[in-house]
Amino acid sequence: MAEEDSSQEKTEEATPRRLEKAKEEGQVPRSKELTTTAVLLAGSSGLVLFGDVLGQKMMAVLRMNFQLERPELFDTAAMFSKLGASFWEAFLGLIPFFIIVLIAAIAGPIALGGWLFSTKSLAPKLNRMDPIKGLGRMFSVKSLVELVKAIGKVLVVVGIAFVLLSIMQDSLLGLAGEAVERGILHSINLSLWAAVFLSAATVLIALVDIPFQIWDHSKKLKMSRQDIKDEMKDTEGKPEVKGRIRQMQQQIAQSRMMGSVPEADVVITNPTHYSVALKYDPATMETPILLAKGVDFAALKIREVAKEHKIEFVESPLLARAIYNTTALDDTIPAGLFVAVAQVLAYVFQLRDYRKMGGERPYPPRKVDIPPDMKHY
């Protein structure tokens, strides 16, 4: 029993088929921390890169709406025109920033696990509504790791913020002595770079989270030895099913083969254990063709069908075994058996002529020439 139980432990790595099936169901490793890091870094970097353009556009919007000419104050349509113009200016200023954030939001998730679209992951699962399993997830190893990550993020961000404040202390205190306009620009610049460094702090969390997500995904997909055996059966087919399919294929092939026996010119027998049916038309064929062959029960069926259709029989044990073992169905007779088969066919054609026109009755060949390497005893 202990050995049986150990075989059910999920200790084996997932097979390629298991990984493929999991991907079809939407199960791939994902790191929310990686996505968060990508979006934060892209957003803060985008503000640094396009901050001047965005600031100019916002100032243009302010000028447009606060610097009004006297006629505009009495124009009822001016408000709507300025509103539309303000939206357009703001859009032109924000579009580069939005594009960078959008790219990061797409690249972050697919960086780990790749691109995947699966409707199966959207389907409702009743086991997710099970309160017992819900409590189990709350106190699982993954939940503990998420708690540690949350605490770690707070500590890392607070630590980086403290270091930044220490480094920027003189610059921040110096803002009080600067002119208003210069001080505003300087404070914005300091804030943007502080946002970049604080966003970069989340890289440390992502570097811890990515290996954990890969390990957790691999652990979930691990299989027991029995799982692997069952998968092999499903993939390759269960032995009993494969045997049944093979039996049906043999029955179909045998039925098709028996349907060709009435077209034969002669059936060469062992006389009981082997039967082979040959066809030869001198006008259309260069060499005889094997239409059917069989041993024991199949040989008996060939003889029964041949008897029903009045096909000639010739007893030649060595020749019957030689043809059976050297020639495939619907294939031509090997060159080494040409002489022996020609002797048999000559007898069959002479027998047909005798039955039509009479004369001296032909006799079957007493001995046929078979090469030593083709003899089967």
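How many bridges join β1 to β2, and in which sense do the two strands run? Four bridges, and they run antiparallel.

A quick note before the views: this is a predicted model, with local features needing pLDDT of at least 70 and side-chain atom pairs counting only at pLDDT 80 or more, while totals for chains, interfaces and linings use all residues. Residues are numbered from 1 along each chain as its sequence is written, and side-chain values use heavy atoms, with hydrogens and water left out.

**View 1. The four-stranded sheet is open and mixed.** The strand order is β3-β2-β1-β4. Helices (H or I, at least four residues) and strands (E, at least two) are DSSP runs, numbered from the N terminus, and two strands pair if DSSP finds at least two bridges between them. At the edges stand β3 and β4, each with a single partner strand, so one side of each has no neighbour in the sheet. On average, neighbouring strands are turned by 20° against each other, direction ignored. Axes here are lines fitted to C-alpha atoms, for helices over the stretch in contact, and angles run from 0 to 180 degrees between N-to-C directions.

**View 2. Strand β1 (266–269) pairs with β2 and with β4.** A hairpin of four residues takes the chain from β1 to β2, and Thr269 has Ser275 as its bridge partner in β2. With β4 the pairing is parallel, over four bridges, and Val267 stands opposite Phe313. Both faces of β1 are covered: Val266 and Ile268 are buried on one side, Val267 and Thr269 on the other. Buried means under 20% relative accessible area, exposed over 50%, and partly exposed in between (1.4 Å probe, protein chains only). In a regular strand the side chains alternate between the two faces of the sheet.

**View 3. β2 (274–279) and β3 (289–295) run antiparallel.** Six bridges join them. Lys279 stands opposite Ile289 in β3.

**View 4. Two helices pack on the sheet, α13 and α14.** Helix α13 touches β1, β2, β3 and β4, and its direction makes about 75° with that of β2. Helix α14 lies across β1, β2 and β4, running at about 140° to β4. In α13 the buried residues are Leu319, Ala320, Arg321, Ala322 and Ile323; what covers them includes β1, β2, β3 and α14. Contact means heavy atoms within 4.5 Å.

**View 5. The largest nonpolar core holds 22 residues.** A nonpolar core is a set of buried Ala, Val, Leu, Ile, Met, Phe, Trp, Tyr and Cys residues joined through side-chain atoms within 4.5 Å. Ile268, Leu319, Ile323 and Leu337 have the most contacts inside this one. The elements giving two or more residues to this core are β1, β2, α13 and α14, and α14 gives the most, with seven. Zoom in on Leu319: leaving aside neighbours within four places in sequence, Leu319 is in contact with Ile268, Leu337, Ala340, Val341, Val344, Val368 and Ile370. Apart from this core lies another, of 12 residues, among them Leu291, Ala292, Val305 and Ile311.

**View 6. Phe212 and Trp215 make a tilted aromatic pair.** The whole structure has five aromatic pairs. Rings of Phe, Tyr and Trp (its six-membered ring) pair if their centres lie within 6.5 Å; planes under 30 degrees apart count as stacked, over 60 as edge-to-face and the rest as tilted. Here the centres are 5.9 Å apart and the planes at 35°, so the pair is tilted. Both residues lie in helix α9 (residues 180–220), three residues apart, about one turn of the helix. Phe212 is buried, at 12% relative accessibility, whereas Trp215 is partly exposed at 44%.

View 7. Tyr324 is partly exposed, with a relative accessible area of 23%. Lys293 lies over the face of Tyr324, at 4.9 Å from the ring centre; a charge sits over a ring if NZ of Lys or CZ of Arg is within 6 Å of the ring centre and within 35 degrees of the ring normal.

**View 8. Lys310 and Asp330 have positive phi without being glycines.** For Lys310 phi is about 55°. Lys310 sits in the loop between α12 (297–308) and β4 (312–315) and is exposed, with a relative accessible area of 75%. Asp330, with phi near 65°, lies in the loop between α13 (317–326) and α14 (338–357). Asp330 is exposed too, at 57% relative accessibility.
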